[in-house]
Amino acid sequence: MSIVYLNGEYLPLDQAKISVLDRGFLFADGVYEVIPAYGGHLLRMQEHMRRLESNLQAIRLQNPLSESQWQQIIQKLLTENPNQGGGEDKYVYLQVTRGVAAKRNHAFPEEIKQTVFLMVNELAPVDKEKLRPGVAAITLDDIRWKACHVKSIALLGNILLRQQAHDSGAAEAILINEGQVTEGAASNVFAVINDVLVTAPTGPRLLPGITRDLVIELAAEHNIACEERDFSEQELLSASEIWFTSSTKEILPVVKLNGKPVANGQSGPIWEKMIDIYQACKIKLRSGESR
Ligand code: PDD
C-alpha cells in the first residue's frame, strides 16, 4: 500500500480521507502539479514550484507551504514508496484545494484552510525504443475554458476530449481553437513545419508545460530551429513530424493524424535527435546533475 501525504500526515493510501464538503470535491476548486523523479531526482523542481505559485495566485489561493516544505514532503514520499516493479522512476502528484467550507457556496469561504494532498506513482521507464512506434491522434475542437494556462483540477473538458480520442482509436487529441493548434488533452504539441520545430506560444489557451519549455531550451542548445508561434490546423496537417510532450509521456511522436499517416507514417529525424538529447538529460539528472 503506498504512503501518501494529506494535510500534515503521512498515511497508507486507503486511510487518506477528505470531507465531502471539500471544495476540491464539490467545485474542482484547486490546482495540481505532476513532477517526474528520475532515480530519486526531481526534474525541474524549481520550475514546477514556480508554476504552482503562479497557478495559486491565479485562483487567489495562498501557497500553504514553503518551497523547502514541499521539498521535504516530496523527498519523504519518494523514500517511503520504493518501486515494486524494479524501475527507479516515479512521478509526484500534488494537489491544493480551497479546503472544506461549512456550506456549499460558490463564493470563497471567509476562513480558508487549504487541503494539501500528495502521492507518488511509478513511472514505467520510457526509452527511445518504446516511444519510436508513436501513436495516433485526432484533431478536435478545443471546448475548454479561457484560462487553460491554469493547471486546474477541473479537467472535465480535457477528459471528454481524451475519451473522444480513445473512442476513435487514437491515443490523444490535438485541440484546435479558432483554427489554431493549442495543445493536447494532457500534453503540449510540437510540429515540424518546413524543417522548423513549431509550438504554440504560451498564453491563456494552453498550459505552459515544463517539458515543452525544456524541449525548446534543448533545441536552442543543439541548433535545432524552433519557433513559438501560432500555427493552424492546416499547417499541422502538412507537418512532417508531430510530437506530444508531457512530464509522463516525455516526447511522443504522432505517426497517424485523423486516420492518415504523418509524412511516411514513422517517427521522424528531428524527433530521433531530440529524444537522444532528452534521454541524455535524464541520465545526467539520475546521476545528480540538476537541469
Ligand atoms: N498533464 N497540457 C496539458 C493540458 C496537460 O495536462 C499537460 C500535462 C501538459 C504538459 O505539461 P508538463 O510538461 O508540465 O507535464 C500540457 C499532466 C502530466 C497530467 O495531467 O497528468
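The tour goes from the domains to their interface, and then to some single residues and a helix.

A quick note before you click: this is a predicted model, in which local features need pLDDT of at least 70 and side-chain atom pairs count only at pLDDT 80 or more, while totals for chains, interfaces and linings use all residues. Residues are numbered from 1 along each chain as its sequence is written, and side-chain values use heavy atoms, with hydrogens and water left out.

**Stop 1: the two domains.** Colour 3–122 as domain 1 and 128–286 as domain 2; these bounds come from an automatic or database domain assignment. Their C-alpha centres lie 26 Å apart. The contact (heavy atoms within 4.5 Å) takes 27 residues from domain 1 and 20 residues from domain 2.

**Stop 2: the interface.** About 2000 Å² is buried between domain 1 and domain 2, with carbon and sulfur atoms giving 64% of that. Buried area here is the accessible area (1.4 Å probe) that two parts lose on being put together, summed over both. Now select Tyr-38, Arg-44 and Arg-51: they supply 34% of the area that domain 1 buries against domain 2, more than any other three residues.

Three salt bridges cross the interface of domain 1 and domain 2, a salt bridge being a side-chain nitrogen of Lys or Arg within 4 Å of a carboxyl oxygen of Asp or Glu. Which elements of domain 1 give two or more residues to the side that touches domain 2? Show strand 3 (30–38), strand 4 (41–42), helix 2 (45–58) and strand 5 (89–97). Strand 3 gives the most, with seven residues. Helices (H or I, at least four residues) and strands (E, at least two) are DSSP runs, numbered from the N terminus.

**Stop 3: charged pairs.** Pick Arg-286 and Asp-89, a salt bridge whose closest N and O atoms are 2.5 Å apart. Next, zoom in on Asp-29 and Arg-98, which meet in a salt bridge at 2.7 Å, N to O. Asp-29 sits in the loop between helix 1 (23–27) and strand 3, and Arg-98 in the loop between strand 5 and strand 6, 69 residues apart. Buried or exposed? Asp-29 is buried, at a relative accessible area of 9%, and Arg-98 is buried too, at 3%. The cut-offs are under 20% relative accessible area for buried, over 50% for exposed and partly exposed in between (1.4 Å probe, protein chains only).

For a network of salt bridges, select Lys-128, Glu-129, Arg-132, Glu-272 and Asp-276. Within that group, Arg-132 and Glu-129 have their closest N and O atoms 2.5 Å apart. Glu-129 counts as exposed because its relative accessibility is 51%, whereas Arg-132, at 28%, is partly exposed.

**Stop 4: Ser-152.** Find Ser-152 in the loop between strand 7 (135–141) and helix 5 (156–167). Its relative accessibility is 8%, so Ser-152 counts as buried. Leaving aside neighbours within four places in sequence, Ser-152 is in contact with Ala-28, Gly-30, Val-31, Tyr-32 and Trp-145.

**Stop 5: Val-120.** Jump to strand 6 (residues 115–122), where Val-120 lies. Val-120 is at 5% relative accessibility, so it counts as buried. Not counting residues up to four places away in sequence, Val-120 touches several residues, including Leu-77, Leu-78 and Tyr-91.

**Last stop: helix 6.** Select residues 210–221. Buried residues in helix 6 include Ile-210, Leu-214, Ile-216 and Leu-218. Just after helix 6, check Asn-223, which takes a positive phi of about 55°.

Note on methods: Expected span 1.5 Å × (residues − 1).
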